[in-house]
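Okay, thanks everyone for coming.

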Amino acid sequence: MTRRARAITLSVVGTLLLGLVVLAALLPVPYLVLSPGPVFDALGSVDGKPVVVVKGAPTFTTDGALDVTTVYELGGPGSRVSLLGAVKAWLDPSSAVVPRELYYPNGTTEADNTQRSIEDMELSQQTAVAAALRHLDKPVSTVVAVGSVLADSPAQGTLRAGDEFVRIDGTPVTSAAQVRRLISDRAPGDDVDLVMLRDGERIRLTVTTAASPDDPERAIVGVVPTLVYVSPIDVQISLGNVGGPSAGLMFALSIVDKLTPGALTDGRSIAGTGAIDADGAVGAIGGIEQKMSGAVDDGAELFLAPAGNCADVLGSTPDGLVVVPVNSLEEAVDAVAGFAKGADLPSCAA
């Protein structure tokens with residue numbers, strides 16, 4: 001082989017290798033990239049619509065901000081992360097790269113993920129309202145209702161989201177678990193007689209059960225029962241396309257602020273995150289490092305973190321941000337009020 005031919009061959013090989021490297025860098029990898037998402041003030045408006053509206057009780061002027069923090073996610077169902085994108089995110093201190101399987105079991109579809117995210121947000125709004133009203137000793141009770149109706153199920157076209165269960169086959173309904181049990185105890189193909197409350201009116205319906213895709217001997221009708229909290233105080237929450245359960249704490253704080261005299265924040269910018277149950281207990285969430293980063297970038301002075309996330313908070317708190325761990329809505333209210341007064345506040349211990 002001549003020197004010229006050898007040079008041409010090496011050039012071709014080099015070009016091929018470079019092409020393979022570029023191709024490999026663009027191939028998808030089984031990881032999620034988590035980065036700071038947008039911040040929304042629960043005391044303010046989104047797209048011209050107030051995030052929280054309270055009717056049926058006197059409300060009071062608020063001030064400052066109670067920010068809901070979010071995480072932007074890439075690599076879940078419906079999106080993908082390339083090797084190059086994962087490396088770039090790994091080099092960014094405000095982002096995290098985690099195995100996708102930690103968040104999404106194999107087989108999770110984009111539709112599954114969207115539906116779960118919507119249901120989690122709806123539940124977080126319900127429990128935030130209940131927790132806030134209970135904290136303020138306002139009247140609130142519970143009913144069992146249809147949370148969602150599955151597509152192509154026996155219930156589709158007969159039951160609607162929001163329908164309240166009164167009786168199933170003559171048995172009064174008292175819990176979501178009871179609804180699932182009364183239906184699954186039937187044989188596939190059996191009729192189930194329902195008494196429901198729809199728009200304040202009792203209606204009688206019959207739904208024929210089908211076999212569960214997971215267990216051919218278990219009957220289903222294709223609804224997801226859920227608890228709905230009812231009060232003469234009407235609270236409506238709207239946050240656009242944001243999903244998931246972790247806005248509950250900040251929703252509850254904003255409701256408390258609107259229903260009590262004086263601005264809870266004293267005009268300060270407060271951010272936070274945390275799932276909340278109807279009794280006000282605050283639960284741990286994911287992506288807290290990215291949420292703290294997004295909060296400080298948006299000007300927050302105080303960040304409320306679930307106490308269960310303290311291990312994630314330690315060593316990752318941005319400069320200039322005070323982070324207070326909370327176990328409950330009561331502790332969160334005390335922390336915000338104490339911060340406004342310059343009080344000593346608890347912190348995550350090493």
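Let's start at Ser-95, which is buried, with a relative accessible area of 15%. Keep in mind that this is a predicted model. You'll find Ser-95 in the loop between helix H2 (83-90) and strand E8 (96-99). Who does Ser-95 touch, leaving aside its neighbours within four places in sequence? That would be Leu-34, Ser-35, Ala-89 and Gln-290. There's also Val-33: it sits 62 residues from Ser-95 along the chain, and their C-alpha atoms are separated by 6.8 Å.

Okay, on to the nonpolar packing. The largest nonpolar core has 43 residues, and the members that touch the most others are Leu-249, Phe-251, Leu-253, Leu-304 and Leu-329. Several elements supply at least two residues each, among them strand E6 (65-74), helix H3 (110-135), helix H5 (248-258) and helix H8 (329-341). The largest share, 7 residues, comes from H5.

Now, the cysteines. How many disulfides do we get? The count is 1, and it joins Cys-310 to Cys-348, with the sulfurs 2.0 Å apart. The torsion about that S-S bond is about -75°, so the disulfide is left-handed. It ties together distant parts of the chain, with Cys-310 in helix H7 (residues 310-313) and Cys-348 in the segment after H8, 38 residues apart. Cys-310 is buried at 16% relative accessible area, and Cys-348 is buried too, at 13%.

The largest pocket has a volume of about 1,100 Å³. It's lined by 38 residues, and those nearest its centre are Val-71, Glu-73, Ser-117, Gly-243 and Gly-244. Which element gives the most to that lining? H3 does, with 9 residues. By class, the lining splits into 16 nonpolar, 17 polar and 5 charged.

The second largest pocket comes in at about 790 Å³. Of its 31 lining residues, Glu-122, Gln-125, Gln-126, Leu-227 and Val-228 are closest to the centre. H3 turns up again here, giving the largest share of the lining, 8 residues. This lining has 18 nonpolar, 8 polar and 5 charged residues.

That's it from me, thanks.

How values were computed
Residues numbered from 1 in each chain as written. Predicted model: local features only at pLDDT ≥ 70, side-chain atom pairs only at ≥ 80, totals over all residues. Heavy atoms only, no water. Core = buried A, V, L, I, M, F, W, Y, C linked by side-chain atoms within 4.5 Å. Buried < 20%, exposed > 50% of the residue type's maximum accessible area, 1.4 Å probe, protein only. Helix = DSSP H or I, 4+ residues; strand = E, 2+ residues; numbered from the N terminus. Disulfide = S-S within 2.5 Å. Contact = heavy atoms within 4.5 Å. 1 Å grid on protein atoms, 1.4 Å probe; cavity = no way out; pocket = protein on both sides within 12 Å on 5 of 7 lines; lining within 4 Å. Points joined across faces, edges and corners; volume = space filled by probe spheres on them. Nonpolar A, V, L, I, M, F, W, Y, C, P; charged D, E, K, R; others polar.
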